[in-house]
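Visitor: I would like a short tour of this molecule. Could you take me through it step by step?

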Amino acid sequence: MKINIIGGGPAGLYFAILMKKADPSHQVNVYERNGPDDTFGWGVVFSGKTLANLRAADEESHAAITKEFEAWDNVDIVLRASKVSIHGNSFSGIARLQLLNILQWRAEELGVNISFRTEISDIETLRNNCDLLVAADGVNSGVRSRYADQLKPNLDVRSNRYIWYGTNQLFHGLTLTFRENEAGVFAAHSYKFNTTTSTFIVECDPQTWDRAGLSTKSDEETRSYIANVFKEDLGEYPLLTNNSKWLNFVLVKNANWFFKNLVLLGDALHTAHFSIGSGTKLAMEDAIALAECFKRATDITQALSDFAALRRPIIEDYQAAAFESMVWFENAADHMHLSTIELAFSAMTRSGRVSYDDLRKRSPEFIQQYESRKS
Ligand SMILES: Cc1cc2nc3c(=O)[nH]c(=O)nc-3n(C[C@H](O)[C@H](O)[C@H](O)COP(=O)(O)OP(=O)(O)OC[C@H]3O[C@@H](n4cnc5c(N)ncnc54)[C@H](O)[C@@H]3O)c2cc1C
């Protein structure tokens with residue numbers, strides 16, 4: 001089979017690996033507009049369960065990924081002068097660039113052709129020139145726009161603003177920090193992903209963003225403003241930028257997941273708010289699911305129909321949980337009257353996927369602290 005893949009992110013590269021591994025006679029081409037070492041962003045997070053899925057799918061890349069990991073089991077909630085830790089969660093972080101370099105190495109080792117610095121604009125020619133065209137071209141997918149009439153995408157641009165920084169301040173655990181100033185409430189999502197660097201994503205509602213005058217501030221003024229908001233948390237360390245810009249989260253859904261021999265994968269197909277930390281996980285698990293469908297199906301249409309039928313309920317479930325989490329952060333200002341322990345409980349249960357009983361099992365000392373707040 002000849003497979004063309006647009007996009008050398010986690011979804012495209014991992015699908016290329018799994019298909020070439022399943023059958024070395026497949027001709028697999030990945031087209032990526034960037035170079036192998038250009039990337040946006042800092043680190044990504046995986047849960048223990050995702051790692052088990054990655055191990056079952058490809059031991060070689062799993063071994064390379066986990067060798068580079070920074071692991072932790074705590075979520076920390078910081079409000080005003082206090083911090084509450086909730087243990088018993090299994091997470092690991094890795095630099096996005098390192099993850100991509102590992103996947104590039106593994107794909108090339110298996111014989112995948114990766115064309116870097118190759119922007120695909122003539123999608124129809126590429127589609128006609130292969131058995132399967134995979135659109136793994138990310139949240140702003142050009143393929144999804146080109147075939148919008150067939151795929152029927154739904155794009156919901158959310159109101160909160162966020163910006164993705166890094167810092168050499170090490171946050172040992174997934175740390176959610178809430179800081180208030182005269183403009184409003186700012187929330188930071190931070191975690192270390194190697195021995196020297198942490199991801200530091202900041203979000204705020206549009207009213208706060210306007211009152212802070214962030215629409216007219218330069219990149220440098222923005223960085224210094226945000227560093228000042230989080231000065232107690234960043235200590236002596238500056239915020240690091242990677243051409244960091246304010247963005248609005250876009251919730252992506254598609255009524256149709258494929259059209260003829262073309263299928264969407266990863267962020268092009270669906271997004272889940274970053275507060276639930278699952279975009280890369282979902283992208284790679286999409287690749288596993290699609291590759292599995294190809295192992296069982298007798299033709300392409302069958303494989304793509306099976307993929308949509310099997311994967312859609314799982315994605316809808318994730319998107320529902322991520323939606324609750326996103327809305328909780330959009331309304332962060334409403335929670336600021338809570339004590340830190342109450343805020344921590346509210347934050348931990350925000351997506352509806354973690355219950356009181358789950359928390360009692362995972363982190364009994366946290367629940368004890370939560371219960372004793374009344375006395
Ligand atoms: C602030 C923020 C924080 C996040 N935190 C996490 C986290 O903690 N954990 C997590 O798992 N995920 C996280 N994510 C999500 C994660 O970054 C994405 O979900 C993931 O990268 C999706 O993988 P993908 O392969 O579908 O798309 P992408 O990684 O976006 O890859 C798409 C690729 O396609 C290429 N491309 C696009 N168009 C073309 C074209 N026409 N020709 C050639 N190449 C093209 C692009 O250059 C890009 O390399 C976060 C996202 C954001 C915005």
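Guide: We start with a definition. Axes are lines fitted to C-alpha atoms, for helices over the stretch in contact, and angles run from 0 to 180 degrees between N-to-C directions. Keep in mind that this is a predicted model.

Visitor: How are α1 and α4 arranged, roughly parallel or roughly antiparallel?
Guide: Helix α4 covers residues 96-110. The axes of α1 and α4 come within 9 Å and cross at roughly 25 degrees. Angles under 35 degrees count as roughly parallel. Therefore α1 and α4 are roughly parallel.

Visitor: What is the hand of the crossing of α1 and α11?
Guide: The axes of these two, α1 and α11, come within 8 Å and cross at roughly 30 degrees. That makes α1 roughly parallel to α11. The crossing of α1 and α4 is left-handed. For α1 and α11, the crossing is right-handed.

Visitor: Which element gives the largest share of the shell around the ligand?
Guide: Elements that each supply at least two residues of this shell are α1 (10-22), β3 (43-47), β10 (153-167) and α11 (279-296). The largest share is four residues. Those four come from α11.

Visitor: How many residues of the shell around the ligand are charged?
Guide: The ligand is surrounded by 31 residues. Among the closest are E32, R96 and D267. The shell divides into 14 nonpolar residues and 10 polar ones, and the charged residues number seven.

Visitor: Which residue has a side-chain N or O atom 2.8 Å from an oxygen atom of the ligand?
Guide: Take the other contacts before this one. A nitrogen atom of the ligand is 3.3 Å from an N or O atom in the side chain of E119. A ligand nitrogen is also 3.4 Å from a polar backbone atom of G279. The 2.8 Å distance, from a ligand oxygen to a side-chain N or O atom, belongs to R96.

Visitor: What percentage of the ligand's exposed area does the protein bury?
Guide: Begin with the ligand taken alone. It then exposes 1000 Å². Of that area, the protein buries 91%.

Terms used: Residues numbered from 1 in each chain as written. Predicted model: local features only at pLDDT ≥ 70, side-chain atom pairs only at ≥ 80, totals over all residues. Heavy atoms only, no water. Near = heavy atom within 4 Å. Polar contact = N/O pair within 3.5 Å; in protein donor to acceptor, adjacent residues only side chain to side chain. Areas by Shrake-Rupley, 256 points an atom, 1.4 Å probe, with all protein chains shown as cover. Nonpolar A, V, L, I, M, F, W, Y, C, P; charged D, E, K, R; others polar. Parallel < 35°, antiparallel > 145°, perpendicular 65-115°, else oblique. Left-handed = near helix turned anticlockwise from the far one by under 90°.
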